[in-house]
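This briefing is for a reader meeting the structure for the first time. Start with the view below, then read the notes by topic.

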Amino acid sequence: MSKEWSNDLCGCFNDIPLCLTTYCAPCYTFGKNAEAVGDDCLMCGLVTFVPLANLWFMTQIRGKIRESKGIDGTFVSDLLMSCCCSLCALVQEAQEVGVKAPFGNSMARS
């Protein structure tokens, strides 16, 4: 049985600390996403700085997350999301696998 992502592509604003982390340091979020599906966090974080290789790895990790969660999609749709909406896609993937920002999650309003 297939399903959709738990947060849509513009749902990145549902988690502001994660959104800010991804905007400032996408290598952190990408590394954590990769780690969640069994790939090397450091290697994938570093590959974000290598043009074209970053798109290939982002597409592969998005596909692994999608397949592990039974989410509809194709390699082409993963590639398009990685190319055109990479930061929003990273946050969407992170929300799906439960990645949290390294700061701001314990802040409470008084």
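**Briefing**

Leu52 sits in the loop that runs between helix 3 (41-47) and helix 4 (53-69). The model shown is predicted. The notes below begin with this loop residue, go on to the chain as a whole, and end with two residues in helices.

- With a relative accessibility of 68%, Leu52 counts as exposed, because the cut-off for exposed is over 50%.
- The phi angle of Leu52 is near 70 degrees, which is a positive value in a residue other than glycine.

**The chain as a whole**

- The protein chain contains 6 helices and 0 strands, and its pattern along the sequence is α-α-α-α-α-α.
- The protein chain is as compact as a globular protein of its length, because its radius of gyration of 13 Å is close to the 13 Å that the globule rule gives for 110 residues.
- Along the principal axes, the C-alpha atoms of the protein chain fill a box of roughly 45 × 35 × 25 Å.
- Of contacts between residues at least 6 apart in sequence, 69% join residues at least 24 apart.

**Surface and charge**

- Of the 110 residues in the protein chain, 36% count as buried.
- The protein chain has an accessible surface of about 6,400 Å², and 63% of that surface belongs to carbon and sulfur atoms.
- There are 8 positive and 11 negative side chains in the protein chain, and the centres of these two sets lie 5 Å apart.

**Thr29 in helix 2**

- Thr29 is part of helix 2, which covers residues 26-36.
- Thr29 has a relative accessibility of 0% and so counts as buried, the cut-off being under 20%.
- A polar contact of 2.7 Å joins the side chain of Thr29 to the side chain of Thr22.
- Apart from neighbours within four places in sequence, Thr29 is in contact with Leu18, Thr21, Thr22, Leu90 and Ala94.

**Gln95 in helix 6**

- Gln95 belongs to helix 6, which spans residues 86-97.
- Gln95 has a relative accessible area of 16%, so it is buried.
- The side chain of Gln95 reaches the backbone oxygen of Gly11 at 3.2 Å.
- Residues up to four places away in sequence aside, Gln95 touches Asn7, Gly11, Cys12, Asn14, Asp15 and Leu18.

Conventions: Residues are numbered from 1 along each chain as its sequence is written. This is a predicted model: local features need pLDDT of at least 70, side-chain atom pairs count only at pLDDT 80 or more; totals for chains, interfaces and linings use all residues. Side-chain values use heavy atoms; hydrogens and water are left out. Helices (H or I, at least four residues) and strands (E, at least two) are DSSP runs, numbered from the N terminus. The radius of gyration is taken over C-alpha atoms; the globule rule is 2.2 Å times the number of residues to the power 0.38. Buried means under 20% relative accessible area, exposed over 50%, partly exposed in between (1.4 Å probe, protein chains only). Contact means heavy atoms within 4.5 Å. Accessible areas come from the Shrake-Rupley method with a 1.4 Å probe; for residues, only the protein chains shown count as cover. Lys and Arg count as positive and Asp and Glu as negative; His and the chain ends are not counted. The place of a charge is taken as NZ of Lys, CZ of Arg, CG of Asp or CD of Glu. A polar contact is a pair of N or O atoms within 3.5 Å; within protein, one must be able to donate a hydrogen and the other to accept it, and residues adjacent in sequence count only if both atoms are side-chain atoms.
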